[in-house]
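Hi,

Here is the structure I said I would pass on.

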Amino acid sequence: MDKSIYTAMSGAVRTLTAQSTVSNNLANASTVGFRAELAMATTAPVDGDGLPTRVASTFGGAAFDPSVGTLMTTDRPLDVAVRGSGWIAVQDASGEPAYTRNGELQIDALGQLVTSRGELVLGDGGPIAIPPHENVTIADDGTVSVIPQGQGGAVQATVARIRVDNIQPQAMRRGDDGLFRPGEDAAVEPAAGAALSVGTLESSNVNLAQSLVEMIALSRQFELQVKAIRSADENAQAAAAVMRING
């Protein structure tokens, strides 16, 4: 059988993966701090007898678009956008530290500071717990302060400081849970000074128009690869029929 049927199939599989990636980007076009996924593929020449005319497509690794999304002013005191190459430290489902750019924070029923997805926000001493309060504010350096319940506006107490670390995007890897984690050799440095922009959110960096064009192009590409598979199969059947006649 002609090896082209396998090379066309490998391309079709990679195209389906790319379509899934673009679909996920479109689904997260309104997700705060989302980084668009990139569909990576690489070529692998098919070894064997004959001329080197067949090249297969293989998985090229996971990656994401590191560009910063548009900043949106909300004036909500618990909304923060991370400046520069900073990342907000959170606790994942297994209790391990991870990172996000989602600064849409809130206080849950247990009085803990969490992201809009429910991840616990970490401070220098672990998850941040907010005591009963009349008001809560976040400074641009990540300091969380409250006016304790029953104290009016006379007393303001510092609760904790949101942990923001500077890590270059190319050193980060996205997990299946959507959170990011640095590689083993990544340089992790605590952000100093004004690491956050308060009352602001960073939008997803997904380009809707570009993603829709990519989806259409991938759909047409998949159709061509399916036609190539059919053509290779038809050629193989025709060759087999000729062999039977000659035999």
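Before the strands, a word on terms: I call two strands paired if DSSP finds at least two bridges between them. Keep in mind that this is a predicted model.

With that in hand, β12 and strand β13 (residues 157-161) run antiparallel and are joined by four bridges. β11 and β12 make a hairpin with four residues between them, and glycine 142 in the turn has a positive phi of about 95°.

How enclosed is strand β12 (residues 143-148) by the rest of the structure? Largely, because five of its six residues are buried.

Now the helices. Glutamine 225 belongs to helix α2 (residues 208-246). Is that glutamine 225 buried or exposed? Glutamine 225 counts as buried because its relative accessibility is 13%, and the cut-off for buried is under 20%. Leaving aside neighbours within four places in sequence, glutamine 225 is in contact with Ala8, Gly11, Ala12 and Thr15.

Valine 13 is part of helix α1 (residues 4-27). With a relative accessible area of 39%, valine 13 is partly exposed. Together with Tyr6 and Met9, Val13 makes a nonpolar surface patch of about 290 Å².

Cheers

Terms used. Residues numbered from 1 in each chain as written. Predicted model: local features only at pLDDT ≥ 70, side-chain atom pairs only at ≥ 80, totals over all residues. Heavy atoms only, no water. Patch = residues over 30% accessible without salt bridge, like charges linked within 9 Å, V, L, I, M, F, W, Y side chains within 5 Å. Areas by Shrake-Rupley, 256 points an atom, 1.4 Å probe, with all protein chains shown as cover. Salt bridge = Lys/Arg side-chain N within 4 Å of Asp/Glu carboxyl O. Helix = DSSP H or I, 4+ residues; strand = E, 2+ residues; numbered from the N terminus. Buried < 20%, exposed > 50% of the residue type's maximum accessible area, 1.4 Å probe, protein only. Contact = heavy atoms within 4.5 Å.
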